[in-house]
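Please take a guided walk through one interface of this structure, moving from the two chains as a whole to a single residue.

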Number of protein chains: 10
Amino acid sequence: MMGRKKDEVKSLGKKEAKYIFDYAPEVLEAVQNKHAGRDYFVKFNCPEFTSLCPITNQPDFATIYISYIPDEKLVESKSLKLYLFSFRNHGDFHEDCVNIIMDDLIQLLDPKYIEVWGKFTPRGGISIDPYCNYGRPGTKYEEMANYRLMNHDLYPEKVDNR
Amino acid sequence: MMGRKKDEVKSLGKKEAKYIFDYAPEVLEAVQNKHAGRDYFVKFNCPEFTSLCPITNQPDFATIYISYIPDEKLVESKSLKLYLFSFRNHGDFHEDCVNIIMDDLIQLLDPKYIEVWGKFTPRGGISIDPYCNYGRPGTKYEEMANYRLMNHDLYPEKVDNR
Amino acid sequence: MMGRKKDEVKSLGKKEAKYIFDYAPEVLEAVQNKHAGRDYFVKFNCPEFTSLCPITNQPDFATIYISYIPDEKLVESKSLKLYLFSFRNHGDFHEDCVNIIMDDLIQLLDPKYIEVWGKFTPRGGISIDPYCNYGRPGTKYEEMANYRLMNHDLYPEKVDNR
Amino acid sequence: MMGRKKDEVKSLGKKEAKYIFDYAPEVLEAVQNKHAGRDYFVKFNCPEFTSLCPITNQPDFATIYISYIPDEKLVESKSLKLYLFSFRNHGDFHEDCVNIIMDDLIQLLDPKYIEVWGKFTPRGGISIDPYCNYGRPGTKYEEMANYRLMNHDLYPEKVDNR
Amino acid sequence: MMGRKKDEVKSLGKKEAKYIFDYAPEVLEAVQNKHAGRDYFVKFNCPEFTSLCPITNQPDFATIYISYIPDEKLVESKSLKLYLFSFRNHGDFHEDCVNIIMDDLIQLLDPKYIEVWGKFTPRGGISIDPYCNYGRPGTKYEEMANYRLMNHDLYPEKVDNR
Amino acid sequence: MMGRKKDEVKSLGKKEAKYIFDYAPEVLEAVQNKHAGRDYFVKFNCPEFTSLCPITNQPDFATIYISYIPDEKLVESKSLKLYLFSFRNHGDFHEDCVNIIMDDLIQLLDPKYIEVWGKFTPRGGISIDPYCNYGRPGTKYEEMANYRLMNHDLYPEKVDNR
Amino acid sequence: MMGRKKDEVKSLGKKEAKYIFDYAPEVLEAVQNKHAGRDYFVKFNCPEFTSLCPITNQPDFATIYISYIPDEKLVESKSLKLYLFSFRNHGDFHEDCVNIIMDDLIQLLDPKYIEVWGKFTPRGGISIDPYCNYGRPGTKYEEMANYRLMNHDLYPEKVDNR
Amino acid sequence: MMGRKKDEVKSLGKKEAKYIFDYAPEVLEAVQNKHAGRDYFVKFNCPEFTSLCPITNQPDFATIYISYIPDEKLVESKSLKLYLFSFRNHGDFHEDCVNIIMDDLIQLLDPKYIEVWGKFTPRGGISIDPYCNYGRPGTKYEEMANYRLMNHDLYPEKVDNR
Amino acid sequence: MMGRKKDEVKSLGKKEAKYIFDYAPEVLEAVQNKHAGRDYFVKFNCPEFTSLCPITNQPDFATIYISYIPDEKLVESKSLKLYLFSFRNHGDFHEDCVNIIMDDLIQLLDPKYIEVWGKFTPRGGISIDPYCNYGRPGTKYEEMANYRLMNHDLYPEKVDNR
Amino acid sequence: MMGRKKDEVKSLGKKEAKYIFDYAPEVLEAVQNKHAGRDYFVKFNCPEFTSLCPITNQPDFATIYISYIPDEKLVESKSLKLYLFSFRNHGDFHEDCVNIIMDDLIQLLDPKYIEVWGKFTPRGGISIDPYCNYGRPGTKYEEMANYRLMNHDLYPEKVDNR
Ligand SMILES: [Ca+2]
Ligand SMILES: [Ca+2]
Ligand SMILES: [Ca+2]
Ligand SMILES: [Ca+2]
Ligand SMILES: [Ca+2]
Ligand SMILES: [Ca+2]
Ligand SMILES: [Ca+2]
Ligand SMILES: [Ca+2]
Ligand SMILES: [Ca+2]
Ligand SMILES: [Ca+2]
Ligand SMILES: [Ca+2]
Ligand SMILES: [Ca+2]
Ligand SMILES: [Ca+2]
Ligand SMILES: [Ca+2]
Ligand SMILES: [Ca+2]
Ligand SMILES: [Ca+2]
């Protein structure tokens, strides 16, 4: 089987990306999924996410986990990086950020299944970890979303703020 | 999508909160859930919980994990901090604390689902970790609560009191 | 909601408990469960358990995890401590100890569900971890016991004897 | 309830066991299960297993996890130690070792359920972890074996060869 | 039961393997599964995988986990090592690599069930972990594949890029 | 050598200590050091320390490590517990707390050497860990204090606020 | 000894700080050191540092450890937070950032001793950790700086980019 | 070089040791050090130590680390085990236990250097870790003891009582 | 203080580097050290190093730690990446690789001090970790090199080949 | 600089080594040190060491760490593997094993400095970790050996026998 060719995606070859630091969902790009006949998962681990608190304007930090079953499209990973950068000077609640990221990726990819989990650093001694998921309505992936929500995080990780 | 505006919540902008150190459920505040059409989880990691033993008056310490699926309301996180502070000089059993916290949040939020897990530090070489949950009666969330209770903590964390 | 009062339990307030170091199930005490209308879990982490090998008389050491869904009664935690101390000079196999502890707590509490897991230190390079559970016969908790046994310990912890 | 007496098992009290270092299933001994009316698990953690590669004659090392639900018999732990020692100068593939160990214990104990998991150290940068299980045919334990195989190791442990 | 004999497999005894560093699925070899009557798992942990990025030609690194239920054939482990080496100077996307590896092993072994999980190191602050699986069509193993996909990675590991 | 007798210390045998929750150095008690001819260390690990922020009145949390070489006196451990409890509703900077604790123990014990290290939980994404030490002036312990300060914390522990 | 009073520092009581996101050393504030007669360490753990790469404009992330022996002044911790925020949209090399932070704190505090260690996340598979220190020239603290540099990081932490 | 012969030590070959559970220093035995011309360390890790609190009679638990440079004699390890067992029903302070253990081993072995470190589990939220050492008076080992005391435990381990 | 400008270094801005996969020390580039008046450390963590075994031609893997005190020059980090890539198809012993890397960086930078530590994955159950260092001859950095060699790795990390 | 050539060492290229399982120091081989003008360390991590107890004939297991500064010779790593294998059926005390290994390597290599640390698995709840070292007599390496012995293992690793 042949590997990918350089002209299949634009972002990776660009000389110097312009980094945008306020919410810019338009930077997201998709590439073709070569294994669309098979259901499989792709997970992105993104420990360098930062946004601003909409009330205090103070920086917030999180690790964002994005996991999805593609249909025809994969998200191109460099464009995902640019997209997450664009929250840098944008203000929103933790609960809103994970929902918005998932909405934008559904819009881009029309995936069979997707989930987004944000694990934020604490403010005032408490940290917040919102988790949302989605299965294409009317398909078995909708049931999958229900099932995974029902089984979500039965073992909260140990947290001591250090 | 626009971010949150500053006047949506009262607690975050307040100059100096008065901290109350005996059980004060009235400090809890809710904010609107902007994604009420979607079932998703919000988890709070609270490793700085302290209360008093009702028998010996000695301080107790715990990490409290609160996880819920909101309906129309989210708990405002700074008010949750103030609420948990209010147990500081209040005396109650470990088993009672987690049940009371869950009762107060059900009262405030009318959530679809909620669970509270307390992991206390040991006294006399034994530590106690109570866990309670709730699904709105008569809905699929009630089944969810049963399911999650049945699957609760099959892998107790390693504990050696050090 | 009011906290617990001091005269509800006898053990916690006693000046000096007499510690008994041979199997004494009679020291166990129960207190009223204030949340009996709700199914919830209470877990005890007991990393300071020691007994004697019935064959060699050599000391054995274990961490014992006890987890149960109370009905009308909670086990009072200080009395549980005294009970576990009473194995100190008692000789029995690892497999027997966990079964006996569970039998005594069923006798005391008539719980809806209970499980006991002992994780012993190695002898001759091998360590033994017995696990037993119980659901009240003829109720859904009996099914729960079957379910949890079927799902028990799919991920054995890493052990290297150091 | 009385503890175990010394003459119930032969191996523990023997002055000096003769250690046999080539495959000797005949050293395995069983003792009576005092709690045969109850389904419960016994797990052995055996991090000191070693055998020889049948092709290169080079020593192999593994941690073996054995977990079973006894019927009338328990495996006596010192005899299990002697049995595992007997692989020391025996040559076989990793996949074969775990199957043979399970076969010998089924032969000895006629257990309701049993599983054996070997985690070997790497050769050529790759490590191999075979896992087999068994439920008594025609009983619910056969279904249990299928269920546990289907759920086996969804979370492979982190391995970096150091 | 007799151990394996040296002439059963060719690769292990070879004096000096020629290492091939561009994609060479033909190096894969199979050996007979002696326990074909039993469903069991074999897992390979491969933390020394490296390939090239098809766009930038920059080296990529991953730990690859391969887990399968054999039918008549086992993959010979030294040939698997040679096969994975052959990606060293081959360029492909992370998502493609894991799918190709699984396709080649299905071709070689006709296994009942197989899954491949790649955990790559980050580029631009994001790491990608694709996971695919397969159950023989029309058998219970196909359902097993669906079940395991539905339950895949509910607990993403902690990642901080260090 | 005989063990300690019960009447050597007052605090351990007291029925019910009155817990004082504002700075009360007078609760500290000393006992005789039976090995005063030998220089040795005693360390206290105190992970349940809490005080109030003098500016915001918000609770602060820390683990306090106290380590000293006694001369004629040991600090009685239950009285140390009572003393540390007395910071519960007292307001002071992190830097001040560790200095005050050390001053009070010098006053009580006249130790040869002492050090106090506080590791606080973060506020605003930053945590503070003050460390002070003392050697009796004009003795080799003063040099020891200089030496240990010079070598202090060359390896800051990994901190990620979770 | 009395605790700190609210009017001793300005930053902590301010209603809403204006956050500045380009290098602003002027936000740093000092408070009086009440224990100036004693040499002791204060360490700040700052895992939420972010700046921009001066060449690519891409965000960089680091944990910054700052440790110093104060003379007359302590750095006020909220002002330190604001100062570190001010690197958010500022571009500089890793090696430059840690030197600049140390220069600014020397300017503010005239400390006896100070050190700054930055641990950055990887780019292109390599991470960079610069460390600088300073002792007041002509004093024993200058020797201390030499000594600590000579002993710096003999045990590099384990790093695998995940 | 020949290995050890069986009649060199008595304890290992004994059929059934009588275990003594009150302080019995007379059970300690020594064997000849075959490498007495070389200074080297022998360390014993003893995580299964238990004694009684002299005031409350409550069991205490500790890991004891013993490390020494032998002269003509080694402590025979099985006799050390018996000796440590003999504290099982003996009451003494933590600070006393480690000093007594060291005194008894000095008496038995006349070692060049020895140190004993006890790490006990917490009571009332505080754990105590006494450490003592000894170098033969008038030799370089006495300086070694001073040096090691001066450098003792600059990095207290993380303790959170769980 | 101004940040770095884009034209100060060539490698970071290049569109597409040509990656060279056989030993190419000429790709190394230096940039000016802006803080040459101060002795400070720069450490590179390089967990993605791979070379070939000169005897078997089999791939080797290592984490390389490089730490140095610059004089007038810093190594440009992207060029260091290219240089380490160039070992990909080059054959050499582990002991030789770390010495060669250090020699090349001395040649490039003329640093005051430098050290290189390689931690390789095991072959045949044994892993090799060579460490070399260098201080400019006739300066205090030469003594520093001796001192750091004498103190090297007193605490070997725990290794179990998994 | 040229890499190593294949004919420089005999062991690595051999088709099939004969593995010897009783103490065979004659299998050790040396190769030329190409960097003999520089003092540097080579460390071997050997977690797969096994021998027999000379009294009970029971297998013992250890991780052996060997670290040395070569003069003209390096130990060839495959021959070291064969040498360590040769302890497989050899009986000796832990203290003797590490001394013998060091003696044999001194004999082979005449190194400037060498140290050997064995960390054995527990028997009867106690594990033993002997450590010996050597510096060439009359050189600075002899002082180095004294220095490293004096600083040996100030931080015993956490051990809990699991
Ligand atoms: Ca933590
Ligand atoms: Ca422990
Ligand atoms: Ca372990
Ligand atoms: Ca352990
Ligand atoms: Ca590992
Ligand atoms: Ca990490
Ligand atoms: Ca982090
Ligand atoms: Ca952490
Ligand atoms: Ca890592
Ligand atoms: Ca790795
Ligand atoms: Ca802990
Ligand atoms: Ca904690
Ligand atoms: Ca712990
Ligand atoms: Ca191991
Ligand atoms: Ca490992
Ligand atoms: Ca333990």
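Helices and strands are DSSP runs, numbered from the N terminus, a helix having at least four residues and a strand at least two. This is a predicted model, and the values that follow are computed from it.

Begin by selecting chain B together with chain H, where 15 residues of chain B are in contact with 15 residues of chain H. The area buried between chain B and chain H is about 1,100 Å², and carbon and sulfur atoms give 44% of that area.

Next, show the side chains along this interface, across which the rule finds four salt bridges. Between chain B and chain H there are also eight residue pairs in polar contact, both residues being at pLDDT 80 or more. On the side of chain B that touches chain H, β5 (113-120) and β6 (127-135) each supply at least two residues, and the residues of that side divide into three nonpolar, six polar and six charged.

Now select Arg162(B), which lies in the segment after α3 (140-150) of chain B. Is Arg162(B) buried or exposed? Arg162(B) counts as buried because its relative accessibility is 9%, which falls under the 20% cut-off.

Definitions and conventions: Residues numbered from 1 in each chain as written. Chains lettered and ligands numbered in written order. Predicted model: local features only at pLDDT ≥ 70, side-chain atom pairs only at ≥ 80, totals over all residues. Heavy atoms only, no water. Contact = heavy atoms within 4.5 Å. Buried area = accessible area lost by both parts, 1.4 Å probe. Polar contact = N/O pair within 3.5 Å; in protein donor to acceptor, adjacent residues only side chain to side chain. Nonpolar A, V, L, I, M, F, W, Y, C, P; charged D, E, K, R; others polar. Buried < 20%, exposed > 50% of the residue type's maximum accessible area, 1.4 Å probe, protein only.
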